[in-house]
Amino acid sequence: MDLTFNDAETAFRDELREWLAANDPGEAPSDEDRNYAWRRDWQRRLAEDRWAAVHWPEEYGGRGATMTQSAIFFEELGKSGAPLPANVLGLLLGGPTLMMWGTDEQKERFLPGILSADEIWCQGFSEPEAGSDLASLKTKAVREGDEWVVNGQKVWTSGAQYSKWCMLVARTDTDAPKHKGLTYFLMDMDQEEIQVRPLRQITGESEFNELFIEGARIPDENVIGGEGNGWKVALTTLMNERAGLAFFLQVRLRQLLDELITEAAGRGLLDDDVVADKLGELHVKAEILRLTAYRGLTAIEKYGQPGPEGSLTKWMWSETNQQLTQLAADLLGPEALTAGTKWSYELLRARGNTIEGGTTEILKNIVAERVLGLPRAR
Ligand SMILES: Cc1cc2nc3c(=O)[nH]c(=O)nc-3n(C[C@H](O)[C@H](O)[C@H](O)COP(=O)(O)OP(=O)(O)OC[C@H]3O[C@@H](n4cnc5c(N)ncnc54)[C@H](O)[C@@H]3O)c2cc1C
């Protein structure tokens, strides 16, 4: 593992720091819709100066950044306190999937709208009975002339209420084995046949939604990667899901821990051995997380492929974040449990961390099988 940046990486970091210092996104609005509009504006500003998708090739408006530069981007963004761009699923998942599987026409049509945040994307993968076992999904698409007619239900669709396009995986061949009968579509969300019903979360927000799809239409030209090839295309989307974000998340965890240490110090709690011990343990975990994220990066740069470290980092981050927010509640008492406060939000939002982007149990299976070489789970 090499933690020193080369000249190009240092120059990239310095230019970005300068840009972030000169472009303050301002205070985050508390209202959900206004907050989303604010993040959309923020993305427009990033895109104007080619910072919205640094990992995209220059020809598509990115900077052709290496994995390390991409990690630097998310780390610096996190440190500056700026938010993630609004179209994060389009930038991190949709764009790279299109670049790998899309036709030239599809790239030309869709990539600019993702970058500018004019067209927001959501991910329509999970269903009520298909989450961890995604390939058992039941939403069906049937060909009718040069269109597909879609019926089914999706759930947990983050940002669907703001989206123009949905990365939809649907079953197009019910006779084929479950991984083979799937096709990947781009579905226009602007249709009466799609009902978006927000799901109110424990935090009070509606980050995600249920989608009820009854006869929605998708033109054949919006199939990505060919009929029956949906599983492979979906894997590309999933593989991109955590690349880079790990750095943003570990920086945010570090910041939250520092805030908690300051709060504890202000109350004279650092002299309490038990409190100091718990904060010390979190400090060690935050450092392990940072170094594991860099180790994963080194592996990608050396071998060209993400290693199982991504699963390990996601598992460690989610459990450490839950531990941290729980400790905050223990130390700050009712103040951290009062609705509407920062710490109560962090405590409640952290519950979903061990589910989103792969549950902890699934990540443990991956580590057991692919890192430790244990027998496959049945
Ligand atoms: C905040 C948030 C945002 C999300 N956004 C999106 C989105 O935008 N688009 C989208 O498509 N999905 C999204 N999801 C859905 C997410 O991907 C799924 O919740 C996740 O994959 C788990 O699926 P499930 O909820 O159906 O649980 P299930 O798969 O039904 O799992 C239930 C329980 O069984 C365990 N389990 C399942 N299989 C195994 C196994 N083989 N071995 C051991 N244990 C197992 C799981 O770990 C879990 O504890 C989001 C989820 C959250 C929390």
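1. A residue is called buried when its relative accessible area is under 20%, exposed when that area is over 50%, and partly exposed in between, with a 1.4 Å probe and protein chains only. At 0% relative accessibility, Cys166 counts as buried, and Cys122 is buried as well, with a relative accessible area of 0%.

2. This is a predicted model, in which local features need pLDDT of at least 70 and side-chain atom pairs count only at pLDDT 80 or more, while totals for chains, interfaces and linings use all residues. Residues are numbered from 1 along each chain as its sequence is written, and side-chain values use heavy atoms, with hydrogens and water left out.

3. How many disulfides does the structure hold? There are 0, where a disulfide is a pair of cysteine sulfur atoms within 2.5 Å. The cysteine sulfur closest to that of Cys122 belongs to Cys166 and lies 3.9 Å away, which is too far for a bond.

4. A search of the whole structure finds 1 cavity of 30 Å³ or more, a cavity being a set of points, on a 1 Å grid over the protein atoms alone, where a 1.4 Å probe fits but cannot get out. The largest cavity has a volume of about 70 Å³, the volume being the space filled by probe spheres set on the points, which are joined across faces, edges and corners.

5. Lining residues, which have an atom within 4 Å of a point, include Ala52, His55, Phe73 and Leu92 for the largest cavity. By class, this lining has 8 nonpolar, 2 polar and no charged residues, where Ala, Val, Leu, Ile, Met, Phe, Trp, Tyr, Cys and Pro count as nonpolar, Asp, Glu, Lys and Arg as charged, and the others, Gly among them, as polar.

How values were computed. On a 1 Å grid over the protein atoms alone, a cavity is a set of points where a 1.4 Å probe fits but cannot get out, and a pocket is an open set with protein on both sides within 12 Å along at least five of seven lines; lining residues have an atom within 4 Å of a point.
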